[in-house]
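Q: Could you take me through one part of this model up close, namely the sheet, strand by strand where you can? I'd also like the cut-offs behind the terms you use.

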Number of protein chains: 2
Amino acid sequence: MAGAKGLSINLATVRQQFDLQQACEACARQGIEWVAPWRDQLAKVGAAEAARIIAGSGLRVTGLCRGGMFTTDPNAIDDNRRAIDEAATIGADHLVLVVGGLPAGSRDLAAARQKVAEGLAAVLPYARAAKIPLAIEPLHPMYAPDRAVINTLAQALDLCSALGEGVGVVLDTYHLWWDPELLPQIARAGRDKRILAHHISDFLVPTRDLLNDRGMMGDGVIDFKGFRHAVEAAGFTGPQEVELFSHDWWGKPGDQVIATCIERFNAFC
Amino acid sequence: MAGAKGLSINLATVRQQFDLQQACEACARQGIEWVAPWRDQLAKVGAAEAARIIAGSGLRVTGLCRGGMFTTDPNAIDDNRRAIDEAATIGADHLVLVVGGLPAGSRDLAAARQKVAEGLAAVLPYARAAKIPLAIEPLHPMYAPDRAVINTLAQALDLCSALGEGVGVVLDTYHLWWDPELLPQIARAGRDKRILAHHISDFLVPTRDLLNDRGMMGDGVIDFKGFRHAVEAAGFTGPQEVELFSHDWWGKPGDQVIATCIERFNAFC
């Protein structure tokens, strides 16, 4: 097996198998250098203790998942500020934002998108002061109703341009691979210095569950090397972060899942 | 109940309940003036007999579904020519094209998209001679792997511009509602005189099946009136065609499904 250098494990990938300490130890044992924890994983031990667990395992943090939800959480601004604090406490490179879908009963996409822009603008000064970049993650259009009304890279980059410094994007293969504008928009993201993260997981055929049937790299239809070349040509050479929401993989032993991530990363990405 | 004027029933909507004759009679009984049959429904009786059944019920045809599949069917060109003949036989306004997804085992989206462009160019002279416009249907990005690698209206319109006369687009709420570029691209489609059809169905939350869980208008998140206003402002005032692939609605009596289509069309569209 080749090495795990350049790979980050998003800890949602093994959330059913491991708590934070177990996940970090398992990653470290297999030579992983980066992880991306979720806030509920931090909440169980407190952010300061989480920081000790992560650093104590010799790991660094790509992103903290997640802030956002500007459209549906009435306390979103306060909650995002707390998320920024937590990201700073654990030394995260950035805070990942899932911006929120349509509010219950609403069919007004334009209003929801406006609310996202306003929420980001409200949180951004706090993020700048904390030196935690906000990483907008454009999600696949199938998540527009209930998770994120930012659905293309172009749309996310337009938002970044309007907001100024301190905000960038997550480039996630699963969400973006289908976009006819993908390559020019990745190049633009590089020119604009907006690339904060590069997430990987595969799109399965058939996909049996809209949320929790993401594929291990190599099991689906995504050309990871092509995506990676575009990202690297745009100037981003940070870790690739594998993030699998998958009932299938949650059902396997965590050590096996991490080993497979490393193996497939080396073979396909 | 308000009238059914301006509504077309895509016969996939009642394909489990009715054969072609039953479907046409049921539509006519409820005042429907337009239908859109599928080729397998034609094949059971032959296109000439299908034309007699449809006209005999006093119905006209919006689109024939479907041609396309340029990326996966080795006989796609011949098959599309046959589809054009069938469309002419039944007096269809246009032939709907689902262009095809990635070939089995391929991860090369760019190559698949190129093959679609070449297939369209190969079929187009035959379509022009038959005076059957080819209607490219951009499908939701979740269908890029296995059904259509044309996934945005902008991409479809770029293709139309490259191909010239005799080709246009289907504007389907289900496939396009999420697109941040939707309104300007609908306006562009109007300016370019490319709008051939306006399909309606709703996006449900949750969506439990990627293919066969489309929603009746009003049951999901789509703003049909906003979509319709954009389409009409772009100059298209043809029928709205309801097309439901839905295990739920296939399980109900066909007359009830058609009545509900009419009722919801009047209430929400």
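A: Here's a walk through the sheet, with some context on the chain and a couple of loop residues.

This is a predicted model, so to speak by its own rules: local features need pLDDT of at least 70, side-chain atom pairs count only at pLDDT 80 or more, and totals for chains, interfaces and linings use all residues. Residues are numbered from 1 along each chain as its sequence is written, chains are lettered from A and ligands numbered from 1 in the order in which they are written, and side-chain values use heavy atoms, with hydrogens and water left out.

Let's start with chain A as a whole. It has 11 helices and nine strands (DSSP runs numbered from the N terminus: H or I of at least four residues for helices, E of at least two for strands). Its radius of gyration is 17 Å, close to the 18 Å from the globule rule for 269 residues, so chain A is as compact as a globular protein of that length. That radius is taken over C-alpha atoms, and the rule is 2.2 Å times the number of residues to the power 0.38. The C-alpha trace of chain A spans about 50 × 40 × 35 Å along its principal axes. Of its 269 residues, 59% count as buried, meaning under 20% relative accessible area, with exposed over 50% and partly exposed in between (1.4 Å probe, protein chains only). Among contacts in chain A with a separation of 6 or more, 79% come from residues 24 or more positions apart; a contact is heavy atoms within 4.5 Å.

Now the sheet itself. In chain A, nine strands form an open sheet in the order β3-β2-β1-β9-β8-β7-β6-β5-β4, with parallel pairing. Here β3 (60-61) and β4 (63-68) of chain A stand at the edges with a single partner strand each, so one side of each has no neighbour in the sheet. Two strands pair if DSSP finds at least two bridges between them. Strands β7 (residues 167-172) and β8 (residues 195-200) of chain A run parallel and are joined by four bridges, with A:Val169 opposite A:Ile195.

Chain B has an open sheet of nine strands too, in the order β3-β2-β1-β9-β8-β7-β6-β5-β4, with parallel pairing. Its edges are β3 (60-61) and β4 (63-68) of chain B, each with a single partner strand, so one side of each is left without a neighbour.

B:Gly101 sits between β5 and α5 (109-130) of chain B and is buried at 0% relative accessibility. Leaving aside neighbours within four places in sequence, its contacts include B:Thr71, B:Ala112 and B:Asp146; the C-alpha atoms of B:Gly101 and B:Ala112 are 7.3 Å apart. In chain A, A:Asn212 lies in the loop between β8 and α9 (224-233) and is buried at 16% relative accessible area. Not counting residues up to four places away, A:Asn212 touches A:Phe245, A:Ser246, A:His247 and A:Trp250.
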